[in-house]
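This report covers two chains, the contact between them, and a few individual residues. Please keep the sequence and the model at hand while reading.

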Amino acid sequence: MSEGPLRQALARAQRRGACAADAVLVDSESREARVRGDEIEFVTQERSRTLGLRAFVRAPGGLRVAIGSTTDLAASTLERLVDETVELAGATAPDPCAGLPDGGFATELPELGLIEPADRSVPLEARIADARRAEAAARAVDPRITNSQGSDASSSFTRVAFGNSEGFFGEYESAYHGLTSMPVAGADGAMQTDWWVSIGRSLAALEDPAAVGRRAAERALRRLGSRRVRTCRVPVVFEAITARSLLGHLAGCVSGAALYRKTSFLAGKLGHAIASEAVTVVDDGRRPAGLGSRPFDGEGLPTRRTMVVERGVLKSWLLDSYAGRKLGLPPTGSASRSPGSAPSASSTNFWLEPGRSSLAEMIAGTERGLLVTWLFGHGFDPVTGDFSRGAAGLWIEDGRVAFPVHELTIAGNLGDMLAGIDAVGSEVEWLGGVAAPPLRIASMTVAGE
Amino acid sequence: MSDLPAPLRLARDGYGLGAGDLEAVLGAALARGADFADLFLERTTQDSVALEDGIVKSGDRHVAQGVGVRAQVGERQGYAHTDEITLESLRLAAGAARTIAEGSGGERAVAVRAARAPHDLYPLATAPTDVPVREKIALLGEIDAYARGRDPRIVQVMASVVSQQRSVLIASSDGGIASDVQPLVRVNVQVVAEDARGRRELGYQGGGGRVELAAYLTASGWRPLVDEAVRLALLNLGAGPCPAGTMDVVLAPGWAGVLLHEAVGHGLEGDFNRKGTSAFAGRIGQRVAAPGVTVVDDGTLPGRRGSLNVDDEGLPTQRNVLIEDGILVGYLQDRLNARLMGMAPTGNGRRQSYQHLPLPRMTNTFMLAGQDDPEEILRSVDRGLYAANFGGGQVDITSGKFVFAVSEAYRIEGGRLGAPVKGASLIGNGPDVLTRVRRIGSDLQLDHGVGTCGKEGQSVPVGVGLPTLLIEGITVGGTEG
């Protein structure tokens, strides 16, 4: 079924003058429901198929390349798309680094536990019931849970098929199930919200819906009565979910194009110490049931485990074949690919290895500082590493949580922040492909009153 | 020759569907007692070409086509979408959408009638997707050469031209049917400057709108974008650390309207107010800004990125006053939230694509000009920050706290611009930040046409605008004590 349009597109591209091509077909089915209070707010169901083609045309000095994609798979549309893509490739400039990977395509596709087939037959009503349980549990925690933005259950099933003109063909199925709860706590005329989520490759891997709702409610409740603090420099402790956000910034700065473009502050730092010795970061595209796992990457290369940072030293970039050629390095099986865009390197399952401290110990070891539970805004510049984002959390006095705080920013340079990590927690929290345990940074600027 | 109204002509010629087919699908979606149903058919073509390292590295072209069918009962919505547009798949989608209705009753009769299009805000001679790709590629080459020639410290140039043509058809069970063709262009220029010590800084400028791409193909169209990107990168090479703490801030006119978008715009969207989860809920008629502050959301500005002839529920866009002389007077509504709040829809029901449910969203959001001379405003500040350029922002609707990143800023010392400082985030509280507006400039400017707003995972193009503004006491998130 999936092979048909792929092989047709590849064959036609070559007939039209492409010297090489690869194509991906993403076929997905998903459903989502949100419950707010006692009411269903919405139910959505979708089916979509998108085909993407990358075609190369030979020219003096390199290959020319173009990408085409369509959700309309009618034969006539597909033929026109192929023809237009090859024609568009003829208009771009020859690039000596462009091309398919130089061999090494995945030969075995391991079973990674990315789907539980029986979940396909779980009716939407069962997921609606999950959302209802999360919502009810959140509201039952405390009378100060006065409202909510709803509890959301979603399931999607995706089949990715990929082939190229070198004869590689592979496909895999995966699933993504989520349950999110977003309650609102209110007291003394002020409102605070927070959320919790559980995500997994199978329904069985999800946390109990009531536990998701309760945890979300507890997080919202503890923000009630938030105040501001004066501008200061203090140690900053990150919960796992806010530490994860820092790892996301790091992932972008060790991946692909940012390095040859020199739009990463880490460009040129391979082999250098870029973080404290407490920091070891791994990317593993084959982590069983991992939310970023896949058997092969967006160019058909096998995914693998890459040591990115080992005891503070930057060991490897994450590269697709194009970025690899630009840098004179082999690709790392890190190409991610949506049908409508060129392959580009990104992290798969990317995490900070756990250390020895518990979050409680980190708090107890902090005389005065900030525990960040909420980060927002886009104040990170990957070129310089400058970091300044909105934050809320809990204020620490004498090694204890004293009161909630908000309307603050925390600022520093990601390079200094990584070097300043002086404690790493023992438990990694997986809420996506990027994950971290809690951690503490010795000193950052907190701006407030 | 056909005298069919445009929407019905599009249904027939674009999708092979007659008025009777649309009526039958709407009627099916209404079964089991739904209050309202609509269909959204979309075909979007987009192409883009991109340059980096002096090479026009890639071109791409995309076609996305599909249909979404929605049914509403009370507060509930059912939605199903598919990229297959046939009467059969539409009927299946209608069946899936109406599962949220639990009443009885069979399919109902619907009669669609086309209304005249209310306005024509982007009548183009040439669709941007019809401009030959060679002209777009030639533009990238000129941008690259010009940027590198501007200063030897420019070590990297990244530029792209994105052209989109979106055709929508919306038919609803109240009989309304509307169609629109929405062109959109965007030119992006990003440069990296590097000094002798190896310090690197980025400069970005973009421009666009629902306008002829030809406007950007001439030197007078694209050169200002390059000049600005180069200026910003070089400026930041010499910028020092930003101060931290609460201080008076002067916002430059134009793109700083991002502040309005985050601080008040989202909080005034109908859904959050109906549910009571916005910090602005229940505050209509109350003072939320200083006297003189009037904030408008206007989807009817010709050629602007945030403008639409009709929204994604088929209703004409309009000019909506949100805050008038400091008093909260209106919300932004889609059909569902307007109905549930007993208000009129305001033409703000928008969706990213047929794969998404409509939500109340902003279009072009700006503050009207005041009386003050912008230079006089700057002179009135002894110490503070002048924020000239911005990245993105975000808001926590419920607590009202908003944050946005500044990409160009200067210290203000003795009423004059001092040393440039590097980007920091500004943070504040939406419901009271505008009450601390002390001066409003006479120089309202709209942005250059690059804004994209995200909500519930859906991105839509928007515009913002602001006159020079003095706000007393905003928290600046720098690193210098």
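Which residues does Pro437(A) touch, not counting residues up to four places away in sequence? Pro437(A) touches Ala240(A), Ala243(A), Leu352(A), Pro354(A), Gly355(A), Val424(A), Gly425(A), Ser426(A), Glu427(A) and Val428(A). The model behind this answer is predicted.

## The surroundings of Pro437(A)

Pro437(A) sits in a loop of chain A. Strand E20 (434-435) lies on one side of that loop, and strand E21 (439-447) on the other. Is Pro437(A) buried or exposed? Pro437(A) counts as buried, because 24 C-beta neighbours fall inside 10 Å and the threshold is 20 or more.

Another residue for comparison along the chain is Leu359(A). Leu359(A) and Pro437(A) are 78 residues apart along the chain, yet 8.9 Å separates their C-alpha atoms.

## Two domains in chain A

Across the boundary, 32 residues of domain 1 of chain A are in contact with 26 residues of domain 2 of chain A.

Several strands of chain A each supply at least two residues to the domain 1 side of this contact. They are strand E1 (20-36), E2, strand E3 (62-70), strand E4 (145-164), strand E5 (169-187) and strand E7 (196-200). E2(A) gives the largest share, four residues. By type, the domain 1 side divides into 20 nonpolar, eight polar and four charged residues.

## Chain B as a whole

Chain B has 11 helices and 23 strands. Its radius of gyration is 24 Å, close to the 23 Å that the globule rule gives for 481 residues, so chain B is as compact as a globular protein of that length. The C-alpha trace of chain B spans about 75 × 55 × 35 Å along its principal axes.

How many of the 481 residues of chain B count as buried? The share is 59%.

## Where the chains meet

The contact between the chains involves 67 residues of chain B and 63 residues of chain A. On the chain B side, strand E2 (residues 55-73) of chain B makes the largest contribution, 12 residues. The chain B side divides into 23 nonpolar, 30 polar and 14 charged residues.

Strands also pair across the two chains. Strand E2 (residues 39-59) of chain A runs parallel to strand E3 (residues 76-82) of chain B, and six bridges join the pair. Phe42(A) stands opposite Gln77(B) in E3(B).

## Two residues with positive phi

Most residues other than glycine have a negative phi. Ala289(A) has a positive value, near 60°. Its place is the loop between strand E9 (281-284) and strand E10 (305-310) of chain A. Ala289(A) counts as partly exposed, because 17 C-beta neighbours lie inside 10 Å.

Asp325(B) also has a positive phi, near 50°. Asp325(B) is in the loop between strand E10 (319-324) and strand E11 (327-328) of chain B. With 14 other C-beta atoms within 10 Å, Asp325(B) is partly exposed.

Methods. Residues numbered from 1 in each chain as written. Chains lettered and ligands numbered in written order. Predicted model: local features only at pLDDT ≥ 70, side-chain atom pairs only at ≥ 80, totals over all residues. Buried ≥ 20, exposed ≤ 12 C-beta atoms within 10 Å, placed from the backbone. Contact = placed C-beta atoms within 7 Å. Nonpolar A, V, L, I, M, F, W, Y, C, P; charged D, E, K, R; others polar. Pairing = 2+ DSSP bridges. Rg over C-alpha atoms; globule rule 2.2 N^0.38 Å.
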